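Welcome to this guided tour. Open your viewer, get ready to select residues by number, and follow along one stop at a time.

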Amino acid sequence: MQSETVTTSNISFEEYRSQILRDYKIALISRECSFLGRREVLTGKSKFGIFGGGKELPQLAMARVFKDGDFRSGYYRDQTFMMAIDKYTIEQFFAGLYAHTNIEKEPFAAGRQMGGHFATHSLNEDGSWKNLTQQKNSSSDISPTAGQMPRLLGLAQASKVFRNEKSVANFKNFSIDGNEVAWGTIGNASTSEGLFWETINAAGVLQVPMVISIWDDEYGISVHAKHQTTKEDISLILEGFRRTEDLAGYEIIKVKGWDYPALMDAYETADEIAREKHIPVIIHVTELTQPQGHSTSGSHERYKSEERLNWEREHDCNKKFKEWIIDHNIATAEEMLDLEKTAKKEVRQGKTAAWNAYLSEIKSEQQEALQQLKAVEEKSANKNFITPLVNTLASKEEPIRKDILEATRKALRYVVKENFAEKSALQQWVNTYIDKIQPKYSDHLYNDFDTKVTNIEEVAPEYQDNAEAVDGRVIIRDNFEQIFNRVPEALIFGEDSGKIGDVNQGLEGLQEKFGEIRISDAGIREATIIGQGIGMAMRGLRPIAEIQYLDYILYCVQGLSDDLATLRYRTLAKQKAPLIVRTRGHRLEGIWHSGSQMGGLIHLLRGIHILVPRNMTKAAGFYNTLLESDEPAVVVECLNGYRLKEKMPSNLSEIRTPIGVVETVKEGTDITLVSYGSTLRLVEQAAKELLTVGINAEVIDVQSLLPFDLNHDIVKSVAKTNRILVIDEDVPGGATGYILHKLIDEQNIYAHLDSKPQTLSAKPHRPAFGTDGDYFSKPSTEDIFEKVYDIMNEVDPGSYPQLR
C-alpha cells in the first residue's frame, strides 16, 4: 500500500494534478524509450543498450528537489532523472543509441560513449566556464561500476569549500554560499565495490552535502543480492555510519521504489538535511524492478524465477504509480490511457526523427563517395574489380562511415598503377574525408583552445650573484606559498599534507598560514583523494591532490585513467577538470617504495600530462605553468631531491617550466643520452666520467613524458652525434620503449643513426631493499658508463678496447 500524502509546497489542486501527470508521462516516455531502444539494438541499428526501466519513480522524486547549481554523479540507468530535469529528450536518447557524432544531436558525448552516459555542458564554445549556478549540472558518466563515487565526493566537498573558505567568497559563477548538493546514484550490487566504501567513509569524515541513492532491484547483472551483500541489505550493514546525537555520520533513509508519495517525502527530507546542514544522506530505494534485465546482452528470464517475475510485474513502479493516481481521483483510467497512447506516439516519432537525422548526414557522404567511385570505375582498366565495390556501397540503405571508406580505399588499390584525373580526385576526396571525419572520433583529448598549456612560454629561473644554496624542499615550499597567495582557488590535500607539511616538508608551515581547508590532511585512501580533486576541479577550484609516493598511485589509476584522463575527450570539450596530482618517486630503496610505474602511467593516462622534473626548481616551474592553464597533470617530484642543494631563484613565482619541451643539460658530439628524473643525475655523472676516456656525450632531460619533445629537439641532437641511448629506472620496455617509439616513428631518428638505438632500464623486477639492492636493480653510474663505452667499442674497437 502506498503512502497517503505527497510532501510538497502549497499549490492548487490543478497545479498538483499537473505535476503528477507530468511525472507519469515522463515515466511512460522513459519506459517506452527503453523498450524501443532494446529493439533498435536487436535489429542492428545500435551495438549495445543499457536502460533505466524499473527505476522511474525514485528518479522523478530526485529530480523534484534537484536545483540549479546542483551536480549529479551517477550511472547509466538515470535516464528518467535527466528527462525530468529537462536535460534529455527522446531524440537525444536515440541519438546516443546510434552514436550520432553531432554534439547538438547527442549532447552528452557526441557518440563517443554508449547511450545512458549523461553530462551537461560546463564550458562555453571557447573552453571558458559557464555560470554553473544558473543550470542543473551532471558530471559526465563513466561505465566502470562505482567509478562515479570518488568524483561525487569532490563535487560535494566543493560546496563545503565555497561555504567556509573566505578566499573563494566571490566565485559566484560556481557556488552560491556552498548551498549546492551533489547527488549520486548507484546500483545495489555496485555497492560491493571498494570505491563505494572508500567514498562512504570519506564523506562521513568530511561531512559534505552529498546524497547517495542506491537503486535496489536485488540483482547485479544476473547475480542475486545474497551473493553481493552481507545480510542482503545494504542499508542494514551501513547502520554503523548513521549519525547520532553525539557523533557525526549519515542520515539513512529507506524507502520503497514504487511508493510515489513516500519517495517524494524521502527526497525532500534528504535535500533539506544535505543542503542546509551539509550532512551526507544515503537513500536506499528498495523493491525496484528491471523489466528487461541488465542490458541487451541477455534476458532476465534466464536467471529469475517465475515467482520473482510475477512479483516484478505486480510491483512495477509505473504500474503502481498509475494505480495510485486513479485511486486518489487525480485522473481517470481513460485519461491515463490517453497519456499512454500519447507517450508511445511521441517516442516512436522521436525515434524516427533521430534515426533520420543520424542517417541523412552519412547518406550524403555515401552519395559523394559513389560519385567519385563511379567516375573512377568508368576510366579504369580494372573496372571489373571496382564495380562490385560500387554496387555494394550503393546497396547500403543504412550505411555507416566504415562502409564508405572500405569501398573508396579498396578502389584505390586497383588503380594504383594508373594515372588519370578521376583517380587523383578520388585520392584527394579520401584524404579530405578522413581529415574531416577523424576528429569526430579523436579530437579534444587535450585542450585544443588557446588556453592550452603548451602555449605558455618558458620563463627561466634567474639568480642573484650571491644566491643562497638551499634544500630543494625549501624551493618547492616557498613556491607553494606564493601560489596560495596569488591563486585563491588553489588548495592542496593528501596524506600528511596538512599539519606536518608533507613527509618531506614541502608544505612546511603553510597550514598555519592558509588554514585547514586549503592545506589539509586526508586519510589513507588514494582513490577518493583523486576523486576529491576531480570533483572540486569540475566546480571551478584548482585542487592539488597529493599521492604520497608514486607506488601508491596504483590505488587510484582507475579514477585517473577512466575518469580524469577521458573527461575532456568524452564530453567533446564540454567539461574539464584541471586537477594537478602531486607525487614523488624514483630511486628510493626497496620493493614497495621505489617502483617506477612510468611505463604504465604514460599508456593508461593519455589525456593527462605526465611531468618528470629533475629538481625542485623545475617542479616549481611546472606547478606555475599548470596553474596558468586548465589541464590535468601528474607531477612526479624526485624523492631523493628534497635535501639536495639548489640555488634559490630570485624570480621563483615567475618561473614557467615549458611542457613538452626537452632540455639539453650538457652538449656533446659522440652520443646522445636521454633520461629524466633522478636517473638524470647519474647520467650527468657518467657523462663527466666518460670524458676521461675520450667520449663526449650529449645529455638531454626529457622533463615531460606526456607530451613528449614537441619541438623534436632530440632528433637534432642525434643528427649531430649519430648515436642514442635512452636510460631510465623503469622496467625494460617501459618508458624507454615509449621514448624510442616517439623517436623512431615520429622523429625518424633512424635516418641519422650509425649505431643501433639502445636502452638501459632497470631489471624486470621491483628493486631489492638496501643500497646494494638499488645498485643491482636499477641503472648505476657504472652501468651507464659501460653501456655507452660498449656502443663506442662497437664503433671503434681500436680507440675503445673492450672493458670486460
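Our first stop is A99, which is partly exposed, with a relative accessible area of 33%. Here, buried means under 20% relative accessible area, exposed means over 50%, and partly exposed lies in between (1.4 Å probe, protein chains only). Before you click further, note that this is a predicted model, in which local features need pLDDT of at least 70, side-chain atom pairs count only at pLDDT 80 or more, and totals for chains, interfaces and linings use all residues. Residues are numbered from 1 along each chain as its sequence is written, and side-chain values use heavy atoms, with hydrogens and water left out.

**Stop 1**

Keep A99 selected and look at the loop between helix 4 (90-98) and strand 2 (137-138), where A99 is found. Helices (H or I, at least four residues) and strands (E, at least two) are DSSP runs, numbered from the N terminus.

Is A110 buried or exposed? A110 is buried, with a relative accessible area of 0%.

Next, jump to P707, in the loop between strand 20 (704-706) and helix 24 (713-721). The peptide bond leading from L706 to P707 is cis, with omega near 0°. These spots are worth a look because most residues other than glycine have a negative phi, and most peptide bonds are trans.

**Stop 2: F48 and its surroundings**

Select F48 in the loop between helix 1 (13-42) and helix 2 (56-65). F48 is partly exposed, at a relative accessible area of 28%. Which residues does F48 touch, leaving aside its neighbours within four places in sequence? F48 is in contact (heavy atoms within 4.5 Å) with V41, L97, M114, S295, T296 and S297.

**Stop 3: domains**

Colour the protein chain by domain: domain 1 (13-331), domain 2 (361-442), domain 3 (453-647) and domain 4 (663-795). These bounds come from an automatic or database domain assignment. Taken over C-alpha atoms, the centres of domain 1 and domain 2 are 45 Å apart.

Zoom in on where these two meet: 4 residues of domain 1 are in contact with 7 residues of domain 2. The buried area between domain 1 and domain 2 is about 410 Å², with carbon and sulfur atoms giving 34% of it. Buried area is the accessible area (1.4 Å probe) that two parts lose on being put together, summed over both. Select K45, T101 and R112, which supply 86% of the area that domain 1 buries against domain 2, more than any other three residues.

How many salt bridges are there between domain 1 and domain 2? The count is 0, a salt bridge being a side-chain nitrogen of Lys or Arg within 4 Å of a carboxyl oxygen of Asp or Glu.

**Stop 4: salt bridges**

The structure holds 59 salt bridges. Start with K574 and E125, whose closest N and O atoms are 2.8 Å apart. This pair links distant parts of the chain, 449 residues apart: K574 is in the loop between helix 20 (567-570) and strand 13 (580-585), and E125 is in the loop between helix 4 and strand 2. K574 is buried, with a relative accessible area of 7%, whereas E125 is exposed at 63%.

Then select K319 and E323, a salt bridge with its closest N and O atoms 2.6 Å apart. The two are separated by about one helical turn because they are 4 residues apart in helix 10 (residues 317-327).

Another salt bridge joins K720 and E698, with 2.7 Å between the closest N and O atoms. K720 lies in helix 24 and E698 in strand 19 (residues 697-701), so the pair ties together parts 22 residues apart in sequence. K720 is partly exposed, at 41% relative accessible area, while E698 is buried, at 3%.

For the last stop, select D502, E546, R582, R584 and E637 together: they are linked in a network of salt bridges.
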